Amino acid sequence: MTEQRSQRTPAGSPGERPSSREPVAEGPISEQTADEADRPEKGGGGLASGASGPVRPGDRIFRYLTTGAGVFVVALIGLIGVFLVVQAIPALNANQVSFLFSREWSTGDTGDLRFGILDLLLVTVATSLVALVIAMPVSLGIALFLTQYAPRSLARPFAYVIDLLAAVPSIIFGLWGLLVLAPTMEPFSVWLNETFSWIPIFAIGNIAPNIRGSIFTAGVVLAVMLLPIITSLTREVFERTPTPQVEGALALGATRWEVIRMTVLPFGKAGYVGASMLGLGRALGETIALTVILLIPSGGFDGSIFDGGATFASKIASDASEFNDPTSAGAYIAAGLVLFVLTFVVNFFARAVIGDKKGDR
Amino acid sequence: MKIMRHVGTAGIAVGAAAVLVACGTDPEAVDTSGRQAGAAAAPSAAAQVECGGKSPLSAEGSSAQKTAMDIFVQQYGRKCSGQRLNYNASGSGAGVKQFNNGQVDFAGSDSPLSADKGEVEAAKQRCAGAEAWNLPLVVGPIALAYNIAGVDNLTLDAEVTAKIFSGGIKNWNDPAVKAVKGNESVNLPDRPIQVVFRSDESGTTDNFQKYLSAAAKDVWTQGDGKAFKGGVGNGADKSNGVVETVKGADGAITYVESSFAKDGVKTAKLDSGSGGVELTPENVAKSLDSAAFKSEGSNDLALDLDAIYGSNIPRAYPLLLATYEIVCSKYSDPEVAKAVKGFLTVAATDGQQPLAEKGFVPIPQGLQEKVLASAKAIA
């Protein structure tokens with residue numbers, strides 16, 4: 001058991017990589033690992049040392065290094081925030097329309113800047129939600145399959161393949177979405193659109209009759225990009241379900257599904273939600289794949305997933321090559337600032353949700 | 001295929017001329033146009049170049065020129081061994097700014113220096129009181145690319161184009177489309193028109209809107225600019241994006257640099273009043289042949305595009321995008337001047353023919369002579 005565990009840890013580490021980029025959401029995962037370290041069967045005495053005895057120079061240096069790393073990342077994020085605010089202020093002052101509630105975006109004439117982020121915000125949230133709605137159940141299924149159903153010999157290579165998805169550059173996903181997925185998916189999109197168009201979110205889009213460059217297509221591509229993130233973290237958590245609990249459930253005569261329902265899912269719920277929020281963070285900030293796929297309608301977003309539009313990141317990316325004026329660039333930076341805040345808020349709520357769950361356990 | 005054939009003959013000319021003209025030290029540029037009797041409008045393929053001067057040169061600007069600039073640099077290195085140039089495709093605006101700040105030796109730009117924005121004045125200061133010249137070296141036609149199942153041969157005029165791109169005409173079976181000369185026998189279907197435009201800011205959009213403003217001023221009143229102002233249709237990212245979108249949508253139309261308009265989309269003929277004109281290098285060159293300059297008689301060769309856009313010369317395709325190299329007429333460092341002269345000479349001669357393969361149009365002989373004269377006048 002011990003050996004299997006220590007072997008599996010490196011397999012999971014690629015999946016944990018995103019968490020170091022997004023330190024706000026790191027909490028649940030590292031806490032799970034901490035729980036693990038407390039349990040005697042983990043062994044590996046090296047980690048547990050340092051509790052008592054004289055402090056050696058090596059310990060002190062290591063401590064400073066880790067503290068430094070922690071401070072560095074907080075300072076970095078703080079400085080990014082300051083940079084965004086400082087750059088955005090002149091543009092916000094020159095803005096002629098409401099920044100939060102306008103749908104206009106015209107930054108060509110610095111004397112008459114008109115930009116509002118309402119559409120960008122709605123489209124960003126809409127694409128991310130579509131992606132999450134698709135990616136969350138699929139990831140859950142993959143993670144359960146890998147940890148509970150798949151034979152050991154299959155689970156490892158399978159997990160590697162899933163992690164490989166995370167290594168595909170997002171422009172490749174974008175081109176694949178534009179050239180392969182969108183045409184293939186078109187009949188299904190049309191069917192979905194026509195059959196359920198009485199439901200507002202499936203209504204005829206503002207890029208109609210085109211349906212390929214819609215939020216729906218973008219969301220599906222985004223979902224594929226989220227799979228490795230959510231799956232590998234969730235798998236890590238599920239694997240750590242305490243064996244006594246599983247064995248206890250089996251001893252009570254539970255079937256495989258009942259074991260999952262009674263032990264694995266309650267144990268891993270917080271980690272799963274955390275992983276999904278991490279994925280959401282990725283989805284909100286995804287840039288180039290969406291720039292390539294999404295069509296920009298002449299009208300505004302009106303609530304259908306068959307609408308087109310631009311997200312914060314895709315808008316900035318598509319216009320970045322023509323930034324030649326600090327004030328109009330400031331408009332985009334102000335939009336970036338809103339994305340920054342949005343991601344922060346999402347993570348804040350995610351942590352709150354996870355915190356509640358942990359209380360129940 | 002047409003372009004390739006054109007290149008074939010020209011390629012032979014380049015080869016022949018290159019053999020005849022060794023990399024000379026003769027300071028006087030020899031006019032080789034006499035050897036080009038076969039291709040009337042084509043520019044002469046090679047000239048003698050005075051190599052040397054600063055190396056590497058630095059230039060910055062238009063990303064539309066990037067491909068052309070790569071070719072120029074390649075030819076420059078071949079002609080003048082050891083001479084190099086670094087081009088940073090950071091965008092026209094950035095290029096002009098860097099040039100005016102004296103950071104780079106010359107700029108590449110989609111539009112000539114603007115007096116309104118104070119660029120002309122700033123450039124004069126940068127060039128120590130001498131004026132800066134705009135030299136058109138890279139010309140690319142803009143295609144009206146469409147995808148209508150069953151329609152292989154569509155002719156549009158400026159007015160109908162303007163109406164389509166501003167929402168005035170919404171269906172392909174609109175009588176106004178049918179009424180364009182050349183469409184009488186075309187079976188235009190009852191299908192909504194899907195306009196596709198560039199969602200990113202682009203010189204192509206700017207020139208397309210300038211064309212509509214000049215050629216259909218009654219219909220297109222939105223003006224120009226790098227962002228599309230038609231108010232209809234869907235935007236897609238970059239040239240590749242608009243073409244892919246058109247390919248995937250029956251009834252779609254877009255404007256795009258002609259090198260992208262192939263495989264799955266068709267290119268409309270453009271009627272400027274004397275019949276539909278196909279987009280071919282010859283027809284574009286014909287438009288350029290008659291080009292007027294903003295300041296006639298000077299060495300500043302900023303094209304009067306409005307005159308080209310508004311012209312109705314038979315068999316001339318007017319919808320084009322001209323990009324410029326912006327240089328000082330006098331450099332404070334003679335080494336820089338020497339290298340810039342050498343580079344421009346190569347770009348205007350050996351550099352032009354290979355452009356045709358990349359969807360640009362080699363500048364016609366008349367314009368080429370003027371560019372060479374300007375390059376020679378740089379001190």
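**Strand β4 of chain B and its neighbour β9.** Strand β4 (132-147) of chain B is joined by two bridges to strand β9 (residues 266-267) of chain B, and the two run antiparallel. Strands here are DSSP runs of E with at least two residues, helices are runs of H or I with at least four, and both are numbered from the N terminus. Two strands count as paired if DSSP finds at least two bridges between them. To find this pairing in the model, look for B:Y146, which stands opposite B:K266 in β9(B).

Before the other views, a word on what you are looking at. This is a predicted model, in which local features need pLDDT of at least 70 and side-chain atom pairs count only at pLDDT 80 or more, while totals for chains, interfaces and linings use all residues. Residues are numbered from 1 along each chain as its sequence is written, and chains are lettered from A and ligands numbered from 1 in the order in which they are written.

A residue is called buried if 20 or more other C-beta atoms lie within 10 Å of its own, exposed if 12 or fewer do, and partly exposed in between, with C-beta atoms placed from the backbone. By that count 16 of the 16 residues of β4(B) are buried, so the strand is largely enclosed by the rest of the structure.

**Strand β12(B), covered on both faces.** Nine of the nine residues of β12(B) are buried, so this strand too is largely enclosed by the rest of the structure. One side carries B:L320, B:A322, B:Y324, B:I326 and B:C328, the other B:L321, B:T323, B:E325 and B:V327, and both sides are covered.

**Helix α12 of chain B and its buried face.** Helix α12 (residues 365-377) has 13 residues and reaches 18 Å from its first C-alpha to its last, close to the 18 Å expected at 1.5 Å a residue. That expected span is 1.5 Å times one less than the number of residues. Which residues of α12(B) are buried? They are B:L367, B:Q368, B:V371, B:L372, B:S374 and B:A375. Seen down the helix axis, these fall within an arc of 160°, so they line one face of α12(B); the arc is taken over the directions from the axis to the C-beta atoms. The buried residues pack against β4(B), α9 (281-289) and α11 (334-348) of chain B.

**B:E60 and its surroundings.** This glutamate is found in strand β1 (residues 57-61) of chain B. B:E60 is buried, with 24 other C-beta atoms within 10 Å. Leaving aside residues up to four places away in sequence, B:E60 touches B:Y87, B:N88, B:S90, B:A94, B:G95, B:Q98, B:V104 and B:A107. Touching, or being in contact, means that the C-beta atoms of two residues, placed from the backbone, lie within 7 Å.

**Where chain B meets chain A.** Here 25 residues of chain B are in contact with 22 residues of chain A. On the chain B side, α3 (92-100), β7 (234-236) and α8 (238-247) each supply at least two residues. That side divides into six nonpolar, 13 polar and six charged residues, where Ala, Val, Leu, Ile, Met, Phe, Trp, Tyr, Cys and Pro count as nonpolar, Asp, Glu, Lys and Arg as charged, and the others, Gly among them, as polar. A strand pairing crosses between the chains: β3 (residues 296-297) of chain A runs antiparallel to β7(B), joined by two bridges. Within it, A:I296 has B:G235 as its bridge partner. For the complex, the predictor gives an ipTM of 0.71 and a pTM of 0.77.

**Confidence along chain B.** The mean pLDDT (the predictor's confidence in each residue, from 0 to 100) of chain B is 83, and 88% of its residues reach 70 or more.
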